[in-house]
Amino acid sequence: MTAFARRFLSRPTALLGFAVFAAIVVIALAAPLLFARGPIAIVGMPLLPPGSPGLPAGSDVLGRNMMIALAYGARVSLLVGISATLCSTLVGILLGALAGYYGGLVDDLLMRVTEFFQIIPAFVLLMVLVAFLQPSLTSAIIGIALITWPNVARVVRAEFLSLRSREFVEAARTLGMRDTRIILTQILPNALPPIVVVSSMMVGNAILAESALSFLGLGDPNLLSWGSMIGGARSAMWVAWWTTTLPGLSIMITVLALNFVGDGLNDALNPRRSR
Amino acid sequence: MTLDRRAVLGAAGLLAFPAQAWAAPKGGRIINAMMFAEPAHLNYPLLNTRIMQEICGNINEALLRFDWKFKPHPNLARSFEMSPDGLTYTFHLRNDVTWHDGVKFTARDVAFSCGTMLPKVNPRSRNAFGQIASIVLPDDYTIVFKLKRPVNSFLISFMASNAPMMPAHIYEGTNFRTNPYNFKPIGTGPFKFAEWKRGEYIHLARNDHYWRPGQPGMDGIYFRVCATPEQRLVEMETGAVDIAMADDIDTVVSSRLKANPNIVTRSDAYNGTAEIMIMEANMRRWPFTDRRARAAFLHAVDREFMVKAINYGEGKVAHGPIPSTVPFYDEKALVKYPYDPARARALLDEMGCKPGQGGVRHRFGLMLVPDGGGAWTRMGHYVKQCLAEVGLDANLEAVDWPTQSRRSGNWEFDVDTNSYGEYGDPAIGTSRFYLSSNIRKGVPLTNLQGYSNPEVDRLFAQAALAVEPAEAQACYSKLQHILTYDVAMLWMFERYPLFFHNKRLKNVITGPNGPADGLGAVTLA
């Protein structure tokens, strides 16, 4: 594990990504302690530029403090990104493992289901799902999980396909281990590295998907997220650059940081690619 | 009502059509205007929305024209008189008017429009024209309406957007919804339909045989499809487009155009529509069953700030059911609910709506409309914030258009956001929201709240039938008192949509009907 940490931290981009991501997590967690009044409180006239008294990031189209909105927006983005990824990873592992381990009819059946989700344009499916479930944080998480699990499932299936006939698995089978135990204790730990890499990238994609949903007005209207901030301020772009630029930058920095972390993890977990 | 506009905006936002590259020739004697979305057809009374009024107002005209004080003036009618009992109206028509296809415009067209087509397809015409007992045509250019009972909004029903004249020789005996002329309309107006290039523009050409001397002042109008708000702003600023109507420009950026020396800003172009932004409380559900809860709602919201900040000053607080810009408004009759959170809390305490856990008195849904973050959504967000201060927890509900109409029509809401236009007379635009006879499940834009007061029903009926204006005024004054005392609606503010035009044009807005009166008088400045 220390070798892994050393390999990960020796990459400057991975280190930077990790530091930025950690900082965003801290801001998200600390937001309610720093700003007790919450992001939707109207504090003054709308569209005041950054640097106005008490408004380091200016105010938005409704006269809300952009600084607070950005901090609370991080909570929404991270919550959706991480929860949706956890859900889709769990579903993906379960279905991918079953398909890869058992093969045959089970594999055929599960892979056809996976393909069914893959052939529908993902974002259109997401919009329909969220509109159907009523826009809310939960429906965004469920929707994003539903459109992303096939990626995990396919990776897990591929890993299981190649691992299931290895000697150590055969040995475990000869010892009389049950299938569930083989899957959970023998194959899964060995299949984890690619899953971790895929999942770390998926957090970023989930954040982007949530932002796009909120931009279109399909996010939770009671919460301010970075996407809904951009969507709501879109028409003010010409008179108040900060209302769209700052949340846009926040999304970009977060997703970039997560991609750096993902790349770092990929290199660190893949011995063949490490220098 | 601008429901359709917002519906299309929402849809356009989702589909995000790329900007059109096409541009009409700039400058010259052509007027360039914009459409946020294309209408389904150009049959004016069949789809009486704001964008239709703006386009078809140039094609189909009305018998009368109204000045800034809503006094009637001759248009297609040379003169008109009313019998003392208010039961007979006689119109003498101009005899020099022809339809765009060369056929003479006669009293037969008026009889067909007012007697058959308008009451059948145009909801706002039914109130007045539904009371017609008989129509007599003494000659080709005279028409006499005999009414079942007096209707004092009868004359204002001849305002352009309420009663466009339609050609009998084209529509009589046909299916109004499928008539091929819905796509190449025929009218008597200063501009005639020339070409419709789907997805790009609608072109109206000059009517060389127009009856009004010296008009039209320009050679034609192009209405270009311009789907995104950012694009519309740039088109105006560069001068590629001469006119931006109603909600073409979001109030958030209107300051940019107002400061532009090449652009004229008008805030009175929609006085005739007189739109009030409202929230409707479902009075079947506690606590909104109680007038004190509704009064507390109004006391809790700083509507002055709402106008100043949320709508960037383009409007005025609405204290009652009748907008302050139209006849019958009576400020003295109103019971007002100024911003006073302490009073709001006291009223809620008094009615037993007490703070529970976390200081929350009551949690309810506040249904938004999908206007893409526009004035209605901003109003909802602001109200949520204000109500939280007095312990009312409004949960904002984002819905799509079909859901919005279904839920509001079927009364499946606690509070919703909406707006209504008054259209010149309370009997046309206002009473439909308060009459108990208009509590019609499944029909949007009716009395959705379930407000019912027999005295209000009686006064609206009396006012609509009053022959003397003073009698109608007395009824409407009493109504404004009762309705504001009852808090029969959560009135937010009167919205004055801005109209912009390039300085190179003049005589663009000539009355309270704004661009719906057509652009015949426009000339180069």
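The structure is a predicted model.

In chain B, six strands form an open sheet of mixed pairing. The strand order is β14-β18-β13-β17-β15-β16. The edges are β14 (315–317) and β16 (392–397) of chain B, each of which pairs on one side only. Neighbouring strands are turned by 30° against each other on average, direction ignored. Within the sheet, β13 (residues 275–281) and β18 (residues 490–495) of chain B are antiparallel and share five bridges. One bridge links B:M279 to B:L490 in β18(B).

The contact between the chains draws 26 residues from chain B and 23 residues from chain A. On the side of chain B that touches chain A, two or more residues come from each of α1 (3–15), α6 (229–238), α7 (254–258), α9 (303–310), α11 (375–389) and β16 of chain B. The most come from α11(B), which gives five residues. By class, this side of chain B holds 12 nonpolar, seven polar and seven charged residues.

In chain A, helix α4 (residues 104–119) packs against helix α6 (residues 137–163) at an angle of about 135°, with the axes 9 Å apart. The two helices are therefore oblique to each other. The crossing of α4(A) and α6(A) is left-handed. From α4(A), A:T114, A:F117 and A:Q118 take part in the contact. They meet A:I147, A:P150, A:A153 and A:R154 of α6(A). Four nonpolar, two polar and one charged residues make up this helix contact.

Definitions and conventions: Residues are numbered from 1 along each chain as its sequence is written. Chains are lettered from A and ligands numbered from 1 in the order in which they are written. This is a predicted model: local features need pLDDT of at least 70, side-chain atom pairs count only at pLDDT 80 or more; totals for chains, interfaces and linings use all residues. Two strands pair if DSSP finds at least two bridges between them. Helices (H or I, at least four residues) and strands (E, at least two) are DSSP runs, numbered from the N terminus. Axes are lines fitted to C-alpha atoms, for helices over the stretch in contact, and angles run from 0 to 180 degrees between N-to-C directions. Two residues are in contact if their C-beta atoms, placed from the backbone, lie within 7 Å. Ala, Val, Leu, Ile, Met, Phe, Trp, Tyr, Cys and Pro count as nonpolar, Asp, Glu, Lys and Arg as charged, and the others, Gly among them, as polar. Angles under 35 degrees count as roughly parallel, over 145 as roughly antiparallel, 65 to 115 as roughly perpendicular and the rest as oblique. A crossing is left-handed if the near helix is turned anticlockwise from the far one by less than a right angle, and right-handed if clockwise.
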